[in-house]
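Below is a short note for a colleague opening this structure for the first time. The points can be read in order, with the structure at hand.

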Amino acid sequence: MDPKQHRPSAIDLCFNRRQFLNRFGMGFGALSLASLMPELSARAALGARSLNPLAPREPHFPCKAKRVIHIFCQGGPSHLDTWDPKPGIAKYEGKEVSEVGGIPLPSPFKFTKMGKSGVEVSEVFSKIGEHIDDIAVIRSMTTDIPSHEFATMMMTTGSGRLVKPSMGSWVLYGLGSVNENLPGFIALNGGLGGAANWRSAFLPGAFQGTLISNVNTSPDKIIENIKSYYASQPQQREQLDLLKAFNELHAQKSGNEAALEARIQSFELAFKMQTEAMDAFDLSKEPQSVREMYGTEGAGRDMLVARRLVEKGVRFVQVWNNGWDHHTNLESNMRQRAGAIDQPIAALLADLKQRGMLEDTLVVWGGEFGRTPRHDKQARGEPGRDHHSRAFVSWMAGGGVKGGQAYGQTDEFGYNVVENKVHNHDLHATILHLLGFDHEKLTYRYNGRDFRLTDVYGQVVKQLVA
Amino acid sequence: MKRIIGSITGLSLLALASAVFAAAIKLEPDQIEFFEKKVRPVLVEHCYKCHSSQPDAKIKADLALDSREATLKGGESGPAVVPGKPDKSLLIKAIKHLDADMAMPPKTNKLSDEIIANLEQWVRMGAPDPREATDRKVGKVDFEKAKEHWAFKPVSKPTVPKVADKQGFVQSPIDSFVLAKLTEKGLAPSSKADKRTLLRRVSYDLTGLPPTPEEIDAFLKDNSKDAYVKAVDRLLNSQHFGEHWGRLWLDIARYADTTGDRQNGGRRNPLLPYAWTYRDYVIQSFNQDLPYDKFIVQQIAADKLPESAQDKSVLRALGFITVGKTFMGNENEMIDDRIDVICKGLMGFTVSCARCHDHKFDPVTQKDYYGLHGVFASSRTPGEFPLVTEPKKTPEYEDFLAKVAEVEKQVEAYHDGENSRIRGGMLDRAGDYLIAVNDAITSGAAKGGNVRNVARKYKLEAAIFELWLDTVRANSKGKTHPVMAPWVAYAAIPEKEFAKQSKAVTASLGKDKPASAVFVKEFQQKPPASLKEVAAVYTRVIGELQKAVGAKPFEYRGGKTRDRKPVGETKLADERLEELRVAFFDDDKSCVSLGEREMSKLLGVQFRNGENAIRSTRYALEMSHPGSPARAMILEDAGKGRDSRVMIRGEARNLGDVAPRQFIQILAGPNREQFKDGSGRLEMARSIATRDNPLTSRVWANRVWKNLFGEAIVRTPSDFGVRSDSPTHPEMLDYLADYLMDNGWSTKKLIRAILLSSTYQQDSKTKDKAMQIDPTNQLLWRQNIRRLPFESIHDTFCMVDGTLDLTMGGQVVELKDMPVPTRGRQYNFNVDLKVAPRRAIYGFIGRDQLPDAYRSFDFSNPDMTTGERILTTVPQQALFMMNSPFVADSVRHILAREDFKAQKSPEDKIKFLYRITYQRAPTDKELTLAKDFLAKQMTEEKPVVIEVEKKIDLSKLNQMSKSERKAAMARLQGSKGGESAKALDAWERFTQVVLLANEFVFLN
């Protein structure tokens, strides 16, 4: 080997070899390592261009999904009024039923069989319902504790209590990013619990989610320091050219040091990022018809931005849609909240499909838990439902999901799961599976232990996979 | 490539091993509950002694019953339990004493029928069993074997190797250790770095700041033999030494100025107003070279040291334990955090892994963990932290006291206001409540559960409404209180029948059920025509009572807290009302209980929330008011100390054996003594800070080394367990640890010894041959090139631009151009921090609220102890350098410096910039590049048009749509640069390039 070619390997910059072997190595099976290593040595010759923890990587096995949009409806959307019809409740109206711990509240909404599959969909989601044949509804979700904070973190990180990396961080850690000019994991809007839901915890900071507050309609406010108020682009170009010249003189004195080279490259990346990131959030680049289909405010804007981001190579977009905690006024609240996302999500699915992106984009919808079949005794207005962790609904579409099915079953009230229980951890395992990972092998060594998203739990639900 | 292939094989094996971690079976909560309540206690009490692998137990008949696996496997006679089949389960046969040979428990100790029935039912349920397999051979910690691990062996006094030294490299024993290894691999050490590089390196390594140009000049001129030693000693004695090394320590201490909890509607204030006093303690301790063993003991148990009685400032040390997260008040999480910071931070021992089960790899048991748990469960933080010194009566202090008093007054006013509103209303508006209650009952709303809705309809207090509802319900069936009897009777009349039936009811009042004379008299005098009139009488009469009693609402008398009765015990002269007074204020079974317990159950949360919301403003005052006196965030013993019980699988409700408070077995030996002195914190601290502990001195020596080389000897600095990296130079590590202890645990002496070695003073140039053999420089054939940490980058900018305020210590500030993000109201602390260009260590650190720049420059995560920051190079860092107001301001400050303006020619100006930033003169090549750049930029200079956000017209806010308004507000909050931004001119752009260059942020 030509000594001059032998620069420290790719990981030395951000993680030295020791850190790589100890921590990363465990993340990949022998199969993927074989494909990883030659790539690394080839890249080593390319120098610091590849010295990036976000460099794209192959998963454990071939699969369809390459990226994820997680539409997270925080607050605990009712499963009984959306995706899990329980017409039988009506006959108990006004009667105390011990199985549900109170007086059952029948859903005020009509359900209709939709699509070829004939899965029943609530009127509040009639537009998403038009895509039901691409959607796998999981009616048997369950989680551990019906408190918002705990269950929210449980859904976003797989742990309600401890500081664990977010699902998005794990995915980014596993797959890397195909666009170095944008963060690989973006949390749109954010919500309860804050950064705990998109942090990388003990994974390196490069895998941290970047919070973007999408209420800022001006793209330059979205990523810190993305726009210069101090110099024009041509002027910055000239600055960077001079910088490069200075840095090269400095490198001549210091020797071939990967860390120095990487920092030089990071300025070039940053320079390009300025245009690219601005572009991702600039919805004026979309045709009028597309903007109209999504709607340009609120969730419409969120979904359209999410699509633009994944299109540009962002691996994981966590879209927060808050306000689903309907203790009171279930009917009007539900019409309002669902009404606000029905068309945007339908537009997202249609748009992804038309672009051929639904095949390899996994769309996940759901909240942190469901709601009780009984009245919320504390309701302060029209009837509502209380928190409920024993049963709730999530759905997935695209990315190798077997659509047109309603998986799992709850009892006649929707109180307990009676068939094909899918725990929060199982959903995570399945999402990782769809992305090509064995969830038990996507691990990271920390404190002498190999941690994973699913802790010591999780089973892939094969029936959800096409 | 050979190395890499070797590693791959190793890796796949490891990957396989990790897959062996089988997924645990998930049981239903009710199954677990059944097992934990009805099965486990029986097994523990009656069976474990002879049938378990627990310590001190036996395994008779080869049968163990202390894990699911073992139980199913059974012993000599076969499986003990066949799930679902009690009649085929030997366990059931045995406890039923069906077979005399097998009767268990033996002799006459047959279990009760109830217990037997429970166990049968359990087997019928399928024998759900959450207990994890504790295979006797694998699961048990093998202490003897663990002792063979290098880190658990006593620190040795290694012999310094003799090695051929042609270069004259060996200046200290350290060099001998290093050279021996290099020679072994056919490598040679690098030559000494040049003086300029060396002074820059040692200045940053000791103080986190660059040398001044004057210091460089003096050092270059000093040709004496000990010039370097003098420089090292000067820097070791600099006050800034403590700031730099203190910050490194704060990473380990997971320091922050907030608890990490969210605001929760303002009810919980996440500020830690006095965390800074711990930070100052750390800085001072490093500056005074407090022996490291003492440093440890003070940080864990200062309150129990005699010296803290004389000098309260020592108490600040306890912040090490108390500046952690508070986990929304979850005590076990807090204790876990404390165990973690102590064990990982001080001993590189991942003890917290044993929270849920014995450690899988390292020799630490769950009992060890809960032994330490007991220490912290027996400690508490006091309601008010003690003053560090008696505050002087300055005007600031007086003002602070006045402001705090005002907050307390507000709390009191709130309390009084709410109290009289609620309880006043409760009695004054009795009739309104009764009418509403009647509505709820007759309309059926009370049944549907939406009673609060009814209360709202009538504009009544929901909690009080519920109280009246319960009262009416209770009195409607069974026993009726005399006061309520008339109401119940009238309310029972259907609305339309009232006129017809009320006469008869009035006539019968007090006949079949006792009724209060006041009311009977009232109604007989003027028979009511409607239920409303009945209610009006209740309102009037009870209102009179309230007035006559005249007590302040929510005042209680006698008895134990929460069981007290309301004040109102004085007899009333008015006989008519006295009967009622007894009913409401004296009688335990009064019709509507006003007792404290009842009230606080109903209103406690509401009150506490309201109060806390006001009181939380006090934290902000304490943190930022200039007159707020320093307090120490102490921990103290709560009584005599109490052992914790093992929490099976880490679940607080799933308790196992008692774990005595004592030190970790592998370190203290099997015959360790239990802690006796209160919580045991002092004994624990002393078990850590001792020569007998093989970890403490090694871990610290390793950390010190890492701070001076960028890479440590053990490259997992917070994990010295069996899965850690082996030391690159094991003998040298022991030599350093021993050196530390032999020199009275003096950190400064250890640092000095390392700095004076040739190893440290090597240059950092890469060399092809060495790069091939040892690319990550494990053998130390050179000094490492290191990027400055975030704090040093920040401080250097401020130092170079002349704004750095070198004031030491005191309350936290907001760093200039590093606004604390207030993401949403949940993390808006309403604290008014002073903005100042201080060193970064004095900047506010909000958990989950670090300014973006901190994160992108790899600042440590303050949520957990951090032994090494993982350095990354990401474009966000470059964006910060290129576009942030921080850098632009800094550039402008530099050019505003008088000494810059004094430079006449462009060449002088360039030279000046080089001198203050890189402490050297530019080369000819650099000078040419600079001049060319400036010349070109100057000629092309024309007013640059940069799109600047349009000014937000605040007067238009009302006309905006909701989302527009939201966006505008967000823009206002986040506006930096914004309209105040002004484009940089040519000189400024040039200066920026100088600051952006690698040389500025890398240490050679």
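Which residues of α13(B) are buried?

1. The model is predicted, and the points below should be read with that in mind. In helix α13 of chain B, residues 292–301, the buried residues are B:Tyr292, B:Asp293, B:Phe295, B:Ile296, B:Val297, B:Gln298, B:Gln299, B:Ile300 and B:Ala301. That is nine of the ten residues, so the helix is largely enclosed by the rest of the structure.

2. Some context on the chain that holds this helix. Chain B contains 45 helices and ten strands. It has 1004 residues, of which 45% are buried. Taking the contacts in chain B between residues at least 6 apart in sequence, 67% join residues that are at least 24 apart.

3. Turning to chain A, strand β1 covers residues 67–74, and eight of its eight residues are buried. In a regular strand the side chains alternate between the two faces of the sheet. Both faces of β1(A) are covered. One side carries A:Arg67, A:Ile69, A:Ile71 and A:Cys73, the other A:Val68, A:His70, A:Phe72 and A:Gln74, and all of these are buried.

4. Which strands are joined to β1(A) by bridges? One is β8 of chain A, residues 361–366, which runs parallel to β1(A) and is joined to it by six bridges. Within this pairing, A:Val68 has A:Leu362 as its bridge partner. Another is β7 of chain A, residues 316–322, also parallel to β1(A), with seven bridges between the two. Here A:Cys73 stands opposite A:Asn321.

5. The last point concerns a helix pair formed across the two chains. Two packed helices are described by the angle between their axes and the distance between the axes.

6. Which residues make the contact of α6(A) with α44(B)? From α6(A) they are A:Gln235, A:Gln239, A:Leu242, A:Leu243 and A:Phe246. From α44(B) they are B:Arg989, B:Gln992, B:Val993 and B:Leu996. By type, five of the contact residues are nonpolar, three are polar and one is charged. An α-helix has 3.6 residues a turn, so residues three or four places apart point the same way.

Definitions and conventions. Residues numbered from 1 in each chain as written. Chains lettered and ligands numbered in written order. Predicted model: local features only at pLDDT ≥ 70, side-chain atom pairs only at ≥ 80, totals over all residues. Helix = DSSP H or I, 4+ residues; strand = E, 2+ residues; numbered from the N terminus. Buried ≥ 20, exposed ≤ 12 C-beta atoms within 10 Å, placed from the backbone. Contact = placed C-beta atoms within 7 Å. Pairing = 2+ DSSP bridges. Nonpolar A, V, L, I, M, F, W, Y, C, P; charged D, E, K, R; others polar.
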